[in-house]
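Visitor: I have a structure open and would like to talk through a few of its local features. Could you walk me through them?

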Amino acid sequence: MYNDTSLSQINVVMQQAQAAFHRYRKCSLAQRAHFLRCIARALENSGDELIHTAMQESHLPEARLRNERGRTVFQLTSYADACERGAWLDVRIDTALPDRNPPRPDIRKTMVPLGPVVVFGSSNFPFAFSTAGGDTACALAAGCPVVVKAHPGHAQTSTLVAALISRAAAECGLPEGVFAHVYGASFDVGEALVKHPMTKAVGFTGSYKGGKQLFDWGAQRREPIPVFAEMGSINPVFLLPQKLQRSAAELAKAYAASITLGVGQFCTNPGLLLGIEGADLQLFMDVLATEIQSTAPGTMLHPGIARAYSDYRERALSQEEVAVLAESGQPAAAGCGSPTIATVTAAAFLRNEVLQQEVFGPYSLVVRCAHRDELLAVARHLEGQLTGTLMATPEELPEYSDLADLVQERCGRLILNGVPTGVEVCWSMQHGGPFPASTDPRFTAVGADGIKRFVRPVAFQNWPDELLPEELQNDNPLQLYRTVNNEVTRGKIEVLASV
């Protein structure tokens, strides 16, 4: 049991983070990358104690946690590589044109770190989206000290990981305060962290209610700050007629596995399945029902999530015209989530906003549309999502281009003929979407592009070359790709016009 960090302790932690910022922001890209790689090595070599502790706290199986630890190590090393490559600095240089009328000064733009970042650990990924997860790695790569608030659901796991990070910081000779770890089950701790004047940005993965509250606190400050919250999503899947006709049973089995993966505790869980009524959709539902009935309930991350799943599931099933299509054939013990598929007509869905809300767990709703126009109407009615999926043949895609456009407007990742669960860690990944999926759809929480959340642009005008940041200097000592006078190049700037 960990006591909440006191408000006076939070003040000390944030002041230390601010003091560390003045030194850490001046660390080279190579030094920051070395720090991230040291954390990765420490995590990779952390042994069985960390895995077993996470198993006890999260109820996740050993194989899943070992894979997640490996993913977290990969995140840290890949973000370290991206930090050194420096593409996220988005360097722009326009050299002086003294003979132009009026003359153009020498202007050079790069990205600089925002300052101390507060990261709220997520419940469903105790490694990859928690203490040493993507938000922490991105902020450290950007040059920002990090203060992590441990998730109460796996506080001991978070403590063990925090110790690894702190040791890595000491080994790298980094200032005290470059990383800190605090506890808080009460809202007071979260509010104090977000509203502290030294906090310059927040990273969060979790529920809509939690993310929206942090966002509101960030906006209420005298100096508003960005809160990058990845929140709820029902990740709609549109089952188009030809695709259903050709492979209804195959699709049903694939989606049954996706819906119940990890007891449905993924932010990309497909919570909404839509198709046009007919024999093919009926076959899909029949096979899906059979698969769900044979899937055993699983223990959820912690009792709070299990209670929330039970409450939201019962509320959804109690709505007018909603019918249970299938439930697990095995009883659910305390703390477990029972796989459930419900169904409703599109007309009823459009009348009821409750059915658009996420049920976090092994639950999905099949929406039966009377015709193509009704399918489009539902798509038009949806809020922002992390993902949107079209299951379609190549031949029918042109006919449904308007549907694809509607879904694209409402999601961050548009999937064709796949399941949304599984988020690749790569430059091109977009893990975020229009509100309420996230608070800022321009950014991603997965992939090295996430570093951009914790920096801001600064332009240097008419500065002596030797006093510029390395990435802006004429000789390009970091060998970065830069946009110089509208041309992308790694070359040197041979002549700097006098001003």
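Guide: What follows is a conversation about a predicted model, taken up topic by topic.

Visitor: Let's begin with T131; where does it lie?

Guide: T131 lies in the loop that runs between β3 (117-120) and α5 (134-142).

Visitor: And is T131 buried or exposed?

Guide: T131 counts as buried, because its relative accessibility is 1%, and the cut-off for buried is under 20% relative accessible area.

Visitor: What does the side chain of T131 make a polar contact with?

Guide: The partner is the side chain of S158, at 2.5 Å. Leaving aside residues up to four places away in sequence, T131 touches T136, V148, S158, V161, A162, I165, F179 and H181.

Visitor: Changing topic, how many disulfides does a search of the whole structure find?

Guide: The search finds zero disulfides. C83 is in none, the nearest cysteine sulfur being that of C27, 10 Å away, and C138 is likewise in no disulfide, with the sulfur of C83 as its nearest at 10 Å.

Visitor: Is C83 buried or exposed, then?

Guide: C83 counts as buried because its relative accessibility is 0%, and C138, at 0% relative accessibility, counts as buried too.

Visitor: What about helix α4, how many residues does it have?

Guide: Helix α4 (residues 62-85) has 24 residues, and from its first C-alpha to its last it reaches 35 Å, close to the 34 Å expected at 1.5 Å a residue. Just after α4 comes G86, which takes a positive phi of about 75°.

Visitor: Now the aromatics; how many aromatic pairs turn up in the whole structure?

Guide: There are nine aromatic pairs. One of them joins Y2 and Y183, which are stacked at 4.6 Å centre to centre with 15° between the planes. This pair links distant parts of the chain, 181 residues apart, with Y2 in the segment before α1 (7-24) and Y183 in the loop between β5 (179-182) and α7 (187-195). Y2 counts as partly exposed at 27% relative accessibility, whereas Y183 is buried, with a relative accessible area of 16%.

Visitor: And how do Y24 and F35 pair, stacked or edge-to-face?

Guide: Y24 and F35 are edge-to-face, 6.4 Å centre to centre with 85° between the planes. Y24 lies in helix α1 and F35 in helix α2 (residues 29-44), so the pair ties together parts that are eleven residues apart in sequence.

Visitor: Which residues do ring pairs link into a cluster?

Guide: Ring pairs link F125, F129 and F266 into a cluster, and the charged end of R71 sits over the ring of F125, 6.0 Å from its centre. Elsewhere, the charged end of R372 sits over the ring of Y400, 5.0 Å from its centre.

Methods. Residues are numbered from 1 along each chain as its sequence is written. This is a predicted model: local features need pLDDT of at least 70, side-chain atom pairs count only at pLDDT 80 or more; totals for chains, interfaces and linings use all residues. Side-chain values use heavy atoms; hydrogens and water are left out. Helices (H or I, at least four residues) and strands (E, at least two) are DSSP runs, numbered from the N terminus. Buried means under 20% relative accessible area, exposed over 50%, partly exposed in between (1.4 Å probe, protein chains only). A polar contact is a pair of N or O atoms within 3.5 Å; within protein, one must be able to donate a hydrogen and the other to accept it, and residues adjacent in sequence count only if both atoms are side-chain atoms. Contact means heavy atoms within 4.5 Å. A disulfide is a pair of cysteine sulfur atoms within 2.5 Å. The expected span of a helix is 1.5 Å times one less than its number of residues. Rings of Phe, Tyr and Trp (its six-membered ring) pair if their centres lie within 6.5 Å; planes under 30 degrees apart count as stacked, over 60 as edge-to-face and the rest as tilted. A charge sits over a ring if NZ of Lys or CZ of Arg is within 6 Å of the ring centre and within 35 degrees of the ring normal.
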